[in-house]
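Colleague: Hi! Could you walk me through this model, one piece at a time?

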Amino acid sequence: MDDQNKNLILATVLSFAVIVAWTTLFPPEDLPVDPATEAAQTLEDPTLPTADPVAPAATTPTEAPEPVAQAPRVAIETGEFSGSISLLGGRIDDLALTNYRETIEEDAEVVRLLKPVGEPGAYFASFGWTAIDGLDASAVPGPDTLWSLESGDTLTPNSPVTLSWDNGAGQLFRTQVSVDDAFMFTFDQSVENATSTPVSARPYGLLRRHGQPDDLKNFFILHEGMVRMTDGELEETGYDDITEYAVDPRERTQAERLDATASGWIGYTDHYWMTTLIPEQGVPFRSTSKYFDARDLYQAEAVMPISTVAAGETATVTTRLFAGAKEWEAIRSYENEGGVDGFLDSIDWGWFFFLTKPIFALLHYLNIFIGNMGWSILALTVILKIIVLPLAYKSYVSMAKMKELQPEMEALKERTGDDKQAMQQGMMKLYKDNKVNPAAGCLPILLQIPIFFSLYKVIFVTIELRHAPWIGWIDDLSAPDPSSFINLFGLLPFASPEPGSILALIFIGILPILLGVSMWLQQKLNPAPTDATQQMIFAWMPWVFMFMLGSFASGLVLYWIANNIITFIQQYAIMRSHGAKPDVFGNIKASVKKKAAAAETDKKEGK
């Protein structure tokens, strides 16, 4: 087998192996303690107080004695949200994303992000204080505290609300809650000290999740679980890994905590949604991720430095809460204009972040200009092919020269016979004299692999592709092609197989079939290889890929089809410019005749 055949087979096997790996690799897969316990420890930062006595157990937030849903509530109404804040504990525990639905059906339920205790999958955010000096544990608001609504009646982007609680010992606690027109809440927690002696307390914010989310994807390409930034260092920990935390005696449960000296945030990220606590940037804080095995509770905490309030003074601490969809534009704005360090990395860009980030940015702006994500993917494909055209051009030229050298290689084989060393030396001299790089033909495929991975990541992870339509039957580019040839693509009066089922993998739709045809036509630019092994690989490859990619997102299959068509045009034009005349139809006829002849031979031999 000559080097050209070896290189082509190597490239084919490599591509095949990569796609197989990407379609089959999956991962194997209550004693809640408040930051009061954590606040009893000293933040190991020289700028913070060192006298931080152990906080009494009375300040430990447990579940409220009555269902939170029955407590008085303050409504939340924005362009993105509907929901309410419970005055019992001051929790934000009822939040629905009104612009997002669970499915593409018009009557589908809206996505509920936060749920109160008492409902399955309870998930909420809470803010409070820990008593330190001059305050009794009962003199700070806790999870059972019933706040009063001091001002405002409905939380909107134009009207904040203020909750207040008087401890009866000379301190008045207030929490002013405001929200912008996207997904960011701001909590201004203040303590007014009307006594003649100073008091000290430590503010905190926490996110508590009861169990793992029901719609957990558990797919290796996607991170779901705790995500945090600590002084510019990103950490991602899956839910299953959180349950493996070692017990931290300082936290009295399984926990992992970090001290941020300047900036950071902590929260939980799902496929498309996220909740994140964002302390004031530039101020030290402690972020702690906890797990309470007895009650299957996940808890993320941001604990701020101690606030010492002099007599007659007021101290205020500001913490932001992101709760909503991981929209690129919004998160980028919070990072660039809102000063949230590294917030764009909360979107899971993966190992190829240096490709996924610019690819998605380009796709995003194309979509703004074109107005349709499907056509934007096609435009992106054209742009990517233009960018790599110089490399592809050299590769196709080298392939054309290799084709021209084919007769000389065959003659060299006859002269050297079984002398492999002489054959190798002769071929190397042939390549050198004609300035041909035998490995150049593999470069387009090798370059295509990381681009394919990156685009797959973008389409799978980003919410902008979720439920995005293209044309006709393609109403969700993040989902597989819903059509199927089993019902003649909708002409017969029965439904296509359910996505993810075995039948759906076999009875594929229009886009996967077009993908197979486009790969097959691309092969026909050249005559069938003479080597029997290579012939077999090339014959089966388009149809294997067709079924393998049939369950992939429609957007990705659309990109692959467009890429094949553009590659066909480029290769055809380059070959013509170098004197070669690709006979596509002749090659198709020749392959059909070979198959017919083989079938006739088998028939005669009784096979």
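Modeller: Happy to; we'll go through a sheet, some helices and a few loop residues.

Modeller: This is a predicted model, where local features need pLDDT of at least 70, side-chain atom pairs count only at pLDDT 80 or more, and totals for chains, interfaces and linings use all residues. Residues are numbered from 1 along each chain as its sequence is written, and side-chain values use heavy atoms, with hydrogens and water left out.

Colleague: Great. In what order do the nine strands of the open sheet come?

Modeller: The order is β6-β8-β9-β10-β21-β17-β16-β12-β13, with antiparallel pairing. Strands (E, at least two residues) and helices (H or I, at least four) are DSSP runs, numbered from the N terminus. Two strands pair if DSSP finds at least two bridges between them.

Colleague: And which strands stand at the edges?

Modeller: β6 (148–151) and β13 (233–238) do, each with a single partner strand, so one side of each has no neighbour in the sheet. On average, neighbouring strands of this sheet are turned by 20 degrees against each other, direction ignored.

Colleague: Let's look at β21. How many of its twelve residues are buried?

Modeller: Nine of the twelve are buried, so β21 is largely enclosed by the rest of the structure. Buried means under 20% relative accessible area, exposed means over 50%, and partly exposed is in between (1.4 Å probe, protein chains only).

Colleague: How many bridges join β21 to β10?

Modeller: Nine, and the two strands run antiparallel. Ser190, for example, has Thr316 in β21 as its bridge partner. β17 also pairs with β21 in the antiparallel sense, over seven bridges, and there Trp273 is partnered with Ala325.

Colleague: What about β12 and β16, how many bridges do they have?

Modeller: Six, with strand β12 (residues 225–230) and strand β16 (residues 264–269) pairing in the antiparallel sense. Val227 stands opposite Gly267 in β16.

Colleague: Switching to helices: which residues of α4 are buried?

Modeller: In helix α4 (residues 328–336) they are Trp328, Ala330, Ile331 and Tyr334. These buried residues pack against β10 (184–193), β17 (273–279), β21 (314–325) and α5 (353–370). Contact here means heavy atoms within 4.5 Å.

Colleague: At what angle do α5 and α6 cross?

Modeller: Roughly 125 degrees, and the axes of α5 and helix α6 (residues 373–387) come within 9 Å. Axes are lines fitted to C-alpha atoms, for helices over the stretch in contact, and angles run from 0 to 180 degrees between N-to-C directions. α5 and α6 are therefore oblique to each other. Angles under 35 degrees count as roughly parallel, over 145 as roughly antiparallel, 65 to 115 as roughly perpendicular, and the rest as oblique.

Colleague: Which residues make that contact between α5 and α6?

Modeller: Among them are Leu362, Leu366 and Ile370 of α5, and Trp375, Ile377 and Leu380 of α6. The contact divides into eleven nonpolar residues, two polar and no charged. Ala, Val, Leu, Ile, Met, Phe, Trp, Tyr, Cys and Pro count as nonpolar, Asp, Glu, Lys and Arg as charged, and the others, Gly among them, as polar.

Colleague: How far apart are the axes of α12 and α14?

Modeller: They are 9 Å apart, and helix α12 (residues 510–523) packs with helix α14 (residues 554–577) at an angle of about 20 degrees. That makes α12 roughly parallel to α14. The contact includes Leu511 and Leu515 of α12 and Trp560 and Phe568 of α14. Ten of its residues are nonpolar, six polar and none charged.

Colleague: Now the loops. Where does Ala311 lie?

Modeller: Ala311 is in the loop between β20 (307–309) and β21. With a relative accessible area of 35%, Ala311 is partly exposed.

Colleague: Which loop holds Asp296?

Modeller: The loop between β18 and β19 (297–303). Asp296 has a positive phi of about 55 degrees although it is not a glycine. Most residues other than glycine have a negative phi.

Colleague: And what phi does His467 have?

Modeller: His467 has a positive phi of about 60 degrees, and is not a glycine either. His467 sits in the loop between α10 (443–461) and α11 (502–506), and at 24% relative accessibility it counts as partly exposed.
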